[in-house]
Amino acid sequence: MDLATDTRLFAKPQPAARRGAGDRGFKWLTLAMAVTVFVLIVLIGYELANGSNLSLRKFGWHFLFSSDWDPVSSQFGALPFIFGTLVTSAIALVIAVPLSLATAVYLTEIAPPWQRQILTLFIELLAAVPSVILGLWGIFVMVPWCREHLFSWLRRTLGFLPIFQGPIYGVSMLAGGIIIAIMILPIITSVSREILRSVPGLQREAAYALGATRWEATRIAVLSYARKGLFGAVILGLGRALGETMAVTMVIGNRPEIVKSLFAPGYTMASVIANEFTEATTDIYFSALFEIGLVLLGVTVLVNALAQLLLKTFAGPGVTPQN
Amino acid sequence: MNENFHQWRKFKNTFMQVLTCACALVVVLPLALVFYHVLKSGIGSVNWAFFTQLPKPVGEVGGGMANAIVGTFVLLGLAALVGVPVGVLGGVYLSEYGAERLNWWIRFMADVLNGVPSIIWGMVVWGLMVVPMKGYSTWAGGVVLGLMMVPMIMRTTEEVLRLVPAGYREAALALGIAPWRTALQIVVRTALRGIVTGILLALARVSGETAPLLFTAFGNDFWTHRLRDPIAALPLQIFNYGISAYDDWHRQAWAGALVLLLMVAVVNVSVRVLTRERFAARA
């Protein structure tokens, strides 16, 4: 920035009143833009509440606990979708949390710098892959592979568990869970990597000074110090998992049933909206879909708010970081 | 301390290092697989017709996604009109003005908004625009993508503006430049590359969004001439063709996926490489 040659900046002194007006105006303008985030969240809540009005009045709390989903007779209940969303998100967390935390540890504590750069770039790229492309890959590559190999292997080895019994179709809640896991791997990894990087070096040095090995230093001094932040990263991943739409819709089979087996097709809150919203014919049908959206919004906002609070208040147990 | 225990600790150390390395490889494995399959299945169908022709009716082989490619760029343009001014100016407020407490809440809300599922944005804009305008429209599709970009751009803009040294602001103010011109002509201009980076990444992210477009832009098998008509978009077309029952449409879905994936990847990689060079030069 070459200030000396930019003569426009040396403007003629302006009357104080006019200058004040420009400053005030600009400040209010930027303020107005900044507070749109509040307007947006209120707008989202209002639109969804408004849209689900009819369904709220007709079904009440029963909506959440009923598993009828019959547009023909106008009976609607969200339980199968809530069940599907919870099950797929749980599967995704079980797969993604250990993998991404281990990756974050590898990236911050173990890997040499050149590997760090490449792996970080790859993880950011994975985060950038559009959900619909992952879904396409899911339908044509992952689901057939799961059907032929993974699922039958699971049934042979873990078949004594009720969740791994029953016929194998390919499209299933398990396939949905795996796809969601792939989608939340990068976010949990990159957030926990940031968390681990913010752990002061002094922590590690203290552990090494006591004769710890590298893994012991990581476990005692880094992971336990960063517990709260890592938990925040996981909850943030959960928030994303709950709202994942396209990829899941393409591999979960879209059947509103509550079944024990993970090999059975299911349905999630986000995918029922994606599939049926444009086909809804009656007002009450629209309204029921809006109410599912309202439930989904409530859950994701709560989960995300919790994650943000954990991440923003993250600090070690009684240790002040020193620079 | 006996020797065995020492050996055990050393073994555990090596074991965990190998294990975490293996996990890192497993995490990037899906990326490699997706790229490999999209490239393999899509490359044969990316041809001149794909970029220049409209979709053919069911049963006829051939055709392309020209309207969807153009549609995606039209939607991104509209989205930028909505998202960029709001996001950048909001970011300026967060970095240059504001009380600590209010800013905390704005940041918090922006982060929460970033986590709102994209399908919900679609429903909201359907209620706000599609119902009153009595039909799916390009406007609605652009607005929904633009609104989704607002919190992303706001946060990245704030972050890069905070990197501008306070001395720049002080120097400008000492020269008698009005604070608002300092903010725009000194601070924003210094950080312009970072801001543009943030905008490009946000555009890359929403360019692949499908769920919010399902009931706003809706899709269209023909060219869209007016912004109040529905418009095709690449991700919508990939979705519709992908879940269809026709081999020729599957083939085109892979081709569309390849084009979209390359667009997103090129923006992401080039942005990261460029910014890394800049930081390396400064350090």
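Author: A residue is buried if 20 or more other C-beta atoms lie within 10 Å of its own. This is a predicted model, and 48% of the 323 residues of chain A count as buried by that rule.

Reader: What radius of gyration does chain A have, and what would a compact globule of 323 residues have?

Author: The radius of gyration of chain A is 25 Å, whereas a compact globule of 323 residues would be near 20 Å. Its C-alpha trace spans about 75 × 65 × 40 Å along the principal axes.

Reader: How many helices and strands are there in chain A?

Author: Chain A contains 14 helices and two strands. Among its contacts with a separation of 6 or more, 77% join residues 24 or more positions apart.

Reader: Turning to the contact between the chains, how many residues does it take from each?

Author: Chain A contributes 79 residues and chain B contributes 75 residues. On the side of chain A that touches chain B, 54 residues are nonpolar, 18 are polar and seven are charged.

Reader: What ipTM does the predictor give the complex?

Author: The predictor gives an ipTM of 0.93, together with a pTM of 0.92.

Reader: And what is the mean pLDDT of chain B?

Author: The mean pLDDT of chain B is 92, and 97% of its residues reach 70 or more. Residues 279-283 of chain B, however, have a pLDDT below 50. Beyond near neighbours in sequence, that stretch has zero contacts in the model.

Terms used: Residues numbered from 1 in each chain as written. Chains lettered and ligands numbered in written order. Predicted model: local features only at pLDDT ≥ 70, side-chain atom pairs only at ≥ 80, totals over all residues. pLDDT = per-residue confidence, 0-100. Contact = placed C-beta atoms within 7 Å. Nonpolar A, V, L, I, M, F, W, Y, C, P; charged D, E, K, R; others polar. Helix = DSSP H or I, 4+ residues; strand = E, 2+ residues; numbered from the N terminus. Rg over C-alpha atoms; globule rule 2.2 N^0.38 Å. Buried ≥ 20, exposed ≤ 12 C-beta atoms within 10 Å, placed from the backbone.
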